[in-house]
Amino acid sequence: MTRSVLIIGGGVIGCATALALAQVGCHVTLIERSSLGSESSWAGAGLLSALLPWDYRDALVRLLDQSRAMYPAWIEGLRSSGIDPEYRSSGLLVLPPYDLSKAFSWAHSSAEPVEELPARQLEPNLAFDSAGLWLPQVAQVRNPRLLRALRITLAQRGVTVHEGTPVTAWRSVGGRITGAQTPQGVLEADHYVIAAGAWSGAVLGTLGGEYGARLPVKPMRGQIVLYKSIPGRLRHMLYRDGFYLIPRDDGHILAGSTLEDVGFDKQVTDTARLNLMQRATELLPWLHNAPVVAHWAGLRPASPDNMPIIGRHPEIENLFINSGHYRYGVTLAPASAQALADLMLGRDSQFDLPAFRWPI
Ligand SMILES: Cc1cc2nc3c(=O)[nH]c(=O)nc-3n(C[C@H](O)[C@H](O)[C@H](O)COP(=O)(O)OP(=O)(O)OC[C@H]3O[C@@H](n4cnc5c(N)ncnc54)[C@H](O)[C@@H]3O)c2cc1C
């Protein structure tokens with residue numbers, strides 16, 4: 001039976017979910033209150049891994065591994081858009097401090113190559129000589145391009161997208177949602193998915209009752225500073241103690257990011273800019289001479305332990321959530337979308353669905 005699905009939120013999670021459901025023949029409508037990919041999914045750095053994967057819970061590490069394994073085919077599926085999202089396995093060089101034995105045991109269970117070597121062997125222009133942990137398979141993607149590729153692919157797959165269309169209220173009868181109210185009218189579907197990132201609790205809250213308040217997702221601001229340099233001057237992603245540098249093909253280098261619990265405030269601050277620049281030049285002194293060409297902030301959908309919530313509403317049978325991806329939503333998008341589609345369609349799943357159920 002063909003199902004109709006209404007997805008609320010046009011970030012990477014909403015778009016990926018729309019794509020996964022359209023691919024299996026669902027009639028999908030996606031509504032976004034502003035424009036697709038304009039919030040956290042645009043602002044993120046696009047590093048496709050947990051920063052130190054060995055620091056997270058097993059279920060999350062497995063989902064991250066599964067999603068990373070899906071990435072090449074997922075990107076291939078966006079090729080018809082004509083946009084190159086710059087998916088590149090540029091590798092991640094982790095500088096001390098790190099826990100070598102935890103890293104090697106994660107590498108063993110994930111079958112991921114990890115090697116300790118002199119860091120300057122890979123990045124000769126580093127400010128200091130130290131050992132580094134080299135993870136050659138860690139990839140990156142360029143977020144705005146990924147979102148543009150998704151937008152075009154959704155149109156090619158027949159997904160209806162309404163931008164400038166917020167959900168403002170719900171209609172429900174007997175434990176089922178019957179419609180989502182928007183300023184443009186009521187939209188109806190068999191199933192509804194909330195994928196509204198940091199705003200998921202607010203969207204849910206318009207249902208009334210207690211679930212809006214119980215959704216453990218809140219905004220966590222992150223700021224990034226963008227340098228312009230010469231292509232190839234930095235070749236690999238660098239990470240040290242909560243801070244990273246990510247080189248793009250065209251010589252841009254992202255320096256990020258802050259973790260700030262300041263509610264829905266998306267402003268950038270001088271303090272963060274100066275701090276990020278200081279950390280960047282501590283690693284690569286030549287960045288003193290590279291211009292900072294942009295500085296932005298985004299609101300991550302923060303959740304306890306970075307665990308996303310991918311599940312069915314406990315009382316409303318046709319309402320689902322795909323949210324709370326916190327620091328790793330771009331990495332987790334293909335797997336989260338597939339997991340939600342499995343759950344909605346009642347299919348056997350390779351994913352540990354109970355680990356991400358709602359309420360957690
Ligand atoms: C600085 C920074 C760095 C990051 N770095 C990385 C990284 O390197 N790797 C990684 O994997 N992840 C990273 N992330 C995290 C990642 O960006 C997020 O986890 C991911 O983008 C979340 O996607 P989302 O679709 O859930 O949310 P969003 O992209 O925020 O999308 C939610 C959408 O819902 C819409 N919406 C809200 N309310 C309504 C409503 N009432 N009606 C309709 N639509 C609504 C919003 O307008 C928004 O477009 C980073 C994030 C930040 C901020």
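**View 1. The backbone nitrogen of A335 lies 3.1 Å from a polar atom of the S67 side chain.** Such a polar contact is a pair of N or O atoms within 3.5 Å; within protein, one must be able to donate a hydrogen and the other to accept it, and residues adjacent in sequence count only if both atoms are side-chain atoms. S67 belongs to helix α3, residues 58–76. Helices (H or I, at least four residues) and strands (E, at least two) are DSSP runs, numbered from the N terminus. S67 has a relative accessible area of 0% and is therefore buried; buried means under 20% relative accessible area, exposed over 50%, and partly exposed in between (1.4 Å probe, protein chains only).

The model shown is predicted: local features need pLDDT of at least 70, side-chain atom pairs count only at pLDDT 80 or more, and totals for chains, interfaces and linings use all residues. Residues are numbered from 1 along each chain as its sequence is written, and side-chain values use heavy atoms, with hydrogens and water left out.

**View 2. Helix α1 covers residues 12–23.** At 1.5 Å a residue, its 12 residues should span 16 Å, and the end C-alpha atoms are 16 Å apart, which agrees. The expected span is 1.5 Å times one less than the number of residues. Because 11 of the 12 residues of α1 are buried, this helix is largely enclosed by the rest of the structure. Among the buried residues are V12, C15 and L19. Just after α1, G25 takes a positive phi of about 95°.

View 3. An oxygen atom of the ligand is 3.3 Å from a polar backbone atom of G46. A nitrogen atom of the ligand lies 2.8 Å from a backbone N or O atom of R327, and an oxygen atom of the ligand lies 3.0 Å from a backbone N or O atom of G329. On its own the ligand has 1000 Å² of accessible area, of which the protein covers 97%. Accessible areas come from the Shrake-Rupley method with a 1.4 Å probe; for residues, only the protein chains shown count as cover.

**View 4. Y326 has a positive phi of about 45° although it is not a glycine.** Most residues other than glycine have a negative phi, and most peptide bonds are trans. Y326 is located in the loop between β19 (319–323) and α10, and at 14% relative accessibility Y326 counts as buried. E86, also not a glycine, has a positive phi of about 55°. E86 is located in the loop between α3 and β4 and counts as buried at 8% relative accessibility.

**View 5. A cis peptide bond joins P96 and P97, with omega of about 10°.** P97 is found in the loop between β4 (92–94) and α4 (100–110). With a relative accessible area of 51%, P97 is exposed. Another cis peptide bond joins G256 and S257, where omega is about -15°. S257 is in the loop between β16 (252–256) and α9 (270–283).
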